[in-house]
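Visitor: Could you show me the model and talk me through some of its features?
Guide: Gladly, here it is.
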Amino acid sequence: VHGIPSLRRSKMTSKKAEEKKDVPALSLALHEKHRGKLEVRSKVPVTNAFELALAYTPGVAEPCLHIAKNKDDVYKYTNKGNVVAVLSDGTSVLGLGDIGPEAGLPVMEGKCILFKNFADIDAIPIMVSSKKVDDIVMAAKLIAPGLGGINLEDISAPNCFEVERRLKKELDIPVMHDDQHGTAIVTVAALTNALKLAGKKWGDLKIVFSGAGAAGTAITKMLLGKEVKNIIVTDRAGAIYVGRKDNMNSEKEDLAIITNPAKEKGTLAEVLKDADVFIGVSGPGILKKEFIKAMKPKPIIFAMANPTPEIMPGEAKEAGAFIVATGRSDFPNQINNCLAFPGVFRGALDVRASDINDEMMLAAAQTIADEVPSPTPENIIPSAFLPGLAKRVGAAVSKAAIETKVARFIPCLLYTSPSPRDATLSRMPSSA
């Protein structure tokens with residue numbers, strides 16, 4: 001170590017950072033020390049010639065021949081059924097924007113760790129060096145034979161919509177863009193408990209969004225599935241409505257058709273009048289105290305921009321907010337995607353689902369909400385570290401997949417063991 005200046009500097013930086021609890025510096029030192037966060041480990045020993053013959057040539061030819069005769073046997077003899085690719089082009093990474101595939105790799109490695117830690121899924125980061133939809137779709141399709149599912153991540157709008165649409169149509173493995181649907185699932189779960197406390201019903205709500213990107217669009221569509229009738233989505237040009245000409249694209253045109261039934265026009269401040277719920281997936285400081293004061297009694301504020309929310313929780317409370325949620329871990333009610341995506345993919349993989357559909361996502365949302373049986377204004381959503389959460393979400397997702405006929409395998413003993421990994425036999429496909 002003493003002969004390597006970079007490691008010496010890393011140790012010095014880490015020590016100083018620990019004294020100040022400087023998370024960015026500590027994270028940088030951790031990444032340098034370990035050269036990233038992932039490694040590959042073998043399930044079987046290879047310590048002598050006989051073990052080598054079993055794991056590799058000549059023995060490996062036998063499972064190859066079985067799979068060649070029956071392609072579905074790939075789930076029996078390989079790890080395909082437990083592998084998810086975290087696929088990104090690096091164009092919309094966290095709050096950093098378009099930083100490129102190389103710079104996005106640490107985030108995708110982190111996502112893979114969450115898959116493993118929370119759901120025992122073996123995830124691998126795949127970085128695509130193109131911003132073209134056709135290239136991203138082709139890259140995913142070419143590597144799909146070795147995958148059980150694909151988690152799309154940090155792909156900018158509107159490309160993310162088209163990439164997901166095409167892959168869901170063209171592949172027979174589950175595909176989900178987590179920035180859209182993971183956020184939507186957890187938002188709906190949190191709102192379910194918030195409405196209980198506020199004494200409000202889905203069908204009576206007026207919900208106003210700030211942000212018409214990937215997350216805003218997906219949350220809107222999931223809320224429509226909960227029979228919310230009055231949703232208004234705003235962007236920099238104000239409320240989106242049928243006939244608006246300014247700052248529109250095909251995705252916003254579609255949003256206009258399914259939202260804002262009264263065709264309200266105006267700024268965020270204007271359309272927030274008499275609203276029950278504000279959902280922010282936009283940028284810092286967008287929501288002002290006076291906007292909240294114009295909302296209906298017991299206003300619910302989900303200010304989810306990261307790292308700085310649309311309004312700080314303290315300010316929102318001062319303005320009369322009944323419940324406040326953010327995307328941050330240092331405030332109560334964190335809307336955190338890792339409550340959803342590990343369990344959603346666990347459930348989809350365990351029944352070899354060909355898709356992750358609306359019913360599966362709504363089942364995940366309800367299960368997450370039910371994990372807080374006695375919600376309070378400061379506790380409407382469970383912790384991601386709640387033991388067994390991904391397992392229970394996965395069970396609900398598997399059940400919904402079976403009921404909606406996208407499951408291609410129905411295990412006999414699904415989730416009867418303490419760990420999903422212990423249920424290996426129950427995940428094996430039948431020979432039929």
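Predicted model: local features only at pLDDT ≥ 70, side-chain atom pairs only at ≥ 80, totals over all residues.

Visitor: OK, helix 15 first: at what angle does it pack on helix 17?
Guide: Helix 15 (residues 341-350) and helix 17 (residues 389-403) pack at about 50°, with axes 7 Å apart. Helices here are DSSP runs of H or I with at least four residues, and strands are E runs of at least two, both numbered from the N terminus. Axes are lines fitted to C-alpha atoms, for helices over the stretch in contact, and angles run from 0 to 180 degrees between N-to-C directions.

Visitor: And what is that arrangement called, oblique or roughly parallel?
Guide: The angle of about 50° makes helix 15 oblique to helix 17. Angles under 35 degrees count as roughly parallel, over 145 as roughly antiparallel, 65 to 115 as roughly perpendicular and the rest as oblique. The crossing of helix 15 with helix 17 is right-handed, a term used if the near helix is turned clockwise from the far one by less than a right angle, with anticlockwise giving left-handed.

Visitor: Is helix 15 buried or exposed?
Guide: Buried: 10 of its 10 residues are in that class, so helix 15 is largely enclosed by the rest of the structure. Buried means under 20% relative accessible area, exposed over 50%, and partly exposed in between, with a 1.4 Å probe and protein chains only.

Visitor: What comes just after helix 15?
Guide: Arg-352 follows, with a positive phi of about 50°, in a residue other than glycine. Arg-352 sits in the loop between helix 15 and helix 16 and counts as buried at 7% relative accessibility.

Visitor: Which other residue has a positive phi without being a glycine?
Guide: Asn-260 is one, with phi of about 50°, in the loop between helix 11 (250-258) and helix 12 (268-271). Asn-260 is buried, at a relative accessible area of 3%.

Visitor: Back to helices: how do helix 16 and helix 17 cross?
Guide: Their axes come within 8 Å and cross at roughly 150°, which makes helix 16 roughly antiparallel to helix 17. Within helix 16 (residues 358-370), Asp-358 is exposed at 53% relative accessibility, whereas Ala-363 is buried at 19%.

Visitor: Switching topic, how many salt bridges are there?
Guide: A search of the whole structure finds 24, where a salt bridge is a side-chain nitrogen of Lys or Arg within 4 Å of a carboxyl oxygen of Asp or Glu. Among them, Lys-289 pairs with Glu-318, the closest N and O atoms being 2.5 Å apart. That pair links helix 13 (residues 289-293) with helix 14 (residues 313-318), its members being 29 residues apart. Lys-289 is partly exposed at 27%, and Glu-318 is exposed at 58%.

Visitor: Which parts does the Arg-408 and Asp-172 pair tie together?
Guide: In this salt bridge the closest N and O atoms of Arg-408 and Asp-172 are 3.4 Å apart. Arg-408 lies in the loop between helix 17 and helix 18 (424-427) and Asp-172 in the loop between helix 8 (159-170) and strand 4 (175-177), so the pair ties together parts that are 236 residues apart in sequence.

Visitor: Where are the cis peptide bonds?
Guide: One joins Thr-57 and Pro-58, with omega about 10°, and another runs from Ala-157 to Pro-158, with omega near 5°.

Visitor: Last one: which residues form the nonpolar surface patch?
Guide: Val-44, Val-46, Leu-52 and Tyr-56 do, with about 390 Å² of accessible area together. Patches are made of residues with over 30% relative accessible area and no salt bridge, joining like charges within 9 Å and nonpolar side chains (Val, Leu, Ile, Met, Phe, Trp, Tyr) within 5 Å. Accessible areas come from the Shrake-Rupley method with a 1.4 Å probe, and for residues only the protein chains shown count as cover.

Methods
Residues numbered from 1 in each chain as written. Heavy atoms only, no water.
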